[in-house]
Every structure is written in C-alpha cells, then in structure tokens.
Amino acid sequence: MISANDLSPAELAALLHFHADAGVEWLLEEEAIDRFAEFEAMKAARRPAAAQAQQQHPAVGERPAPGQAPPRPNAATRPAPAERAASGPQPAIPDGEAVQQARFVAETARSLVELKTAIEAFSSCNLKHSARSTIFASGDAESGIMVIGSAPSAEDDREGMPFSGKSGQLFDKMLAAIGLKRSAILLTQVIPWRPPGNRAPSAAEMDICRPFIERQIALAEPKAILLLGNFSARFFFGENDTIHGLRGRWKEIAVADCVIPAIASLHPQDLLTAPVNKRLAWNDLLAFQAKLKSLSLLRN
C-alpha cells in the first residue's frame, strides 16, 4: 500500500479525482470503527439463534430420535406473509412499465417547471438511486437556442448543474467565442442522472429517459439545437458512427409536432482529452453561429 505521504500534491490530486469519478464520495468515517470487532460481535449474536433453530428444525436429511415424531413448523414463530415479503428484496419495476410511466409523467407536464418537478419525483429509473442530483434544463427557454449534452459527469452530479468543472469552463469559452453565454440559451442533457462510474447508459435506461428529454424539447420549441458528444449525437440521429463521423452536418430532429435543425460537435471533455480536435469544434461552432444568424436568433 502506498502512503499518501509518499505522493506529490499533483499525484494526490489525480488520485482523488480518480476516486471521485468512480463514485467514491467519502474516504473516511467521521469516527474510527473496528470492523473486526464488529464482525465478531455479529457472529456471536448469530450463534444462539442458529442453535435454537437447529433444535427446532433439524437439518435436511437428519432423522428424529426413535419414538420421536417429526418436528412440525411452529406457526407462532413463522413470519407472516407480509413480513416475509418485506424482509426480501423488492421486485424491480419492469423496463417496459417504467417506460410507460415516464411517458405518462412527461406528457402530463404542461411546462418546464412541472416537468422538472415530475422528473425529480420519478423513481422508476435505477440511475436516479445512485446519483446525487437530478440535472434538468437551465437557462433561457425563450431563446430558441438549445444545447444538449450527453449525461452528467461527476462534477455535474456534485454541483447539480450541467457542464460543471473544467469542461464547463471550456464550454463557457466556446459559447463566448460565438457571442453566446449559458444564461442566454437553454442548456440540458439527454440523461438527467449520472450513470455510476460515468459508464454509458443501457438501452433500457435510454428508453426510460427518452420521454423526458423529448418533452423538454417539445415544451421549449427551440429553433436550432447543438448536440455535444458522441452519445448525444447517436441518441438523436439514430446512427452508430463516432462523433467524428456525425459532427459538422445539419440534420433534422422530429419531436412531437416539431422538426428542428440540429448539428453535432465534440463534447468539451473530448477537447480537454484531445486538444488537437479544437479546430474541428471551432468549425462546428461557426456553422452553428451562422444558422442562428440566419434564423435571427443571434445578432450580427
């Protein structure tokens, strides 16, 4: 085991970021706990109960003594059906039923405020149970400009807002380069809850979350959409190509009764990982800027 004293400040910071991205939020308890003593106490507590159960209910294959009748279950000690059900794991909601619930919740929301409240109360997606925050649309819903990212990062989950941390700082610079700022657009993400360890959402999780993002688009009625990241582009374009094959080309997204032009580009996190791709993102931003000007959504 490597001691923290043997690490440089940069190495220690990198290690902490690694644990944070993996979902580790607390490294130490507030008070020291002797897990060995705790385990021994648990074993000692189980011994009398196990011995009593052995006396009342011999093991399978064990014969009763001669002249002794086979033991009969004791109804008084047998747990009631409700208790047995509560003691075991509760059945998960089938994916199909969860999708139907998500559609109903989304369709009944008449405003973004109602939709936000409904998503925060929705509990039929397993992603919500492992996430700290529900990430919902923020910014100006009346701007006609919408930017959609993929899924919350560890920083987003901690801060409770999309595009936080270093990628958020780069994102703000990208917007400023074409005359925008995040408060003047509607900013959201495809998935409202961070997948554990930043893994890709499963097909079932995508189906459950789809009604929520589509309803956000239908309620906001944007005139142009910028998709950031490989997952976001694949989700809306329905293609399996990489972001390098999907970026830079205008396509149409059909949501409810709306058909909206959309263009995909690299996610800010992709640019932090591979800065050489910034020139590609810049070309995409210029194309997005030109579209906004043609729609009179951005001043010349």
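**Salt bridges in a predicted model**

At 26% relative accessibility, Glu214 is partly exposed.

Reader: What does partly exposed mean here?

Author: Partly exposed lies between buried (under 20% relative accessible area) and exposed (over 50%), with a 1.4 Å probe and protein chains only. Arg210 is also partly exposed, at 28%.

Reader: What sort of model is this, and how are residues numbered?

Author: This is a predicted model: local features need pLDDT of at least 70, side-chain atom pairs count only at pLDDT 80 or more, and totals for chains, interfaces and linings use all residues. Residues are numbered from 1 along each chain as its sequence is written, and side-chain values use heavy atoms, leaving out hydrogens and water.

Reader: How many salt bridges does a search of the whole structure find?

Author: A salt bridge is a side-chain nitrogen of Lys or Arg within 4 Å of a carboxyl oxygen of Asp or Glu. The search finds 7. One of them joins Glu214 and Arg210, at 3.4 Å from N to O.

Reader: Where do Glu214 and Arg210 lie?

Author: Helices (H or I, at least four residues) and strands (E, at least two) are DSSP runs, numbered from the N terminus. Both residues lie in helix α9 (residues 203-220), 4 residues apart, about one turn of the helix.

Reader: Which residue forms a salt bridge with Asp284?

Author: Arg247 does, at 2.8 Å from N to O. Asp284 lies in helix α13 (residues 278-294) and Arg247 in the loop between α11 and β5, so the pair ties together parts 37 residues apart in sequence.

Reader: Are Asp284 and Arg247 buried or exposed?

Author: Both Asp284 and Arg247 are buried.
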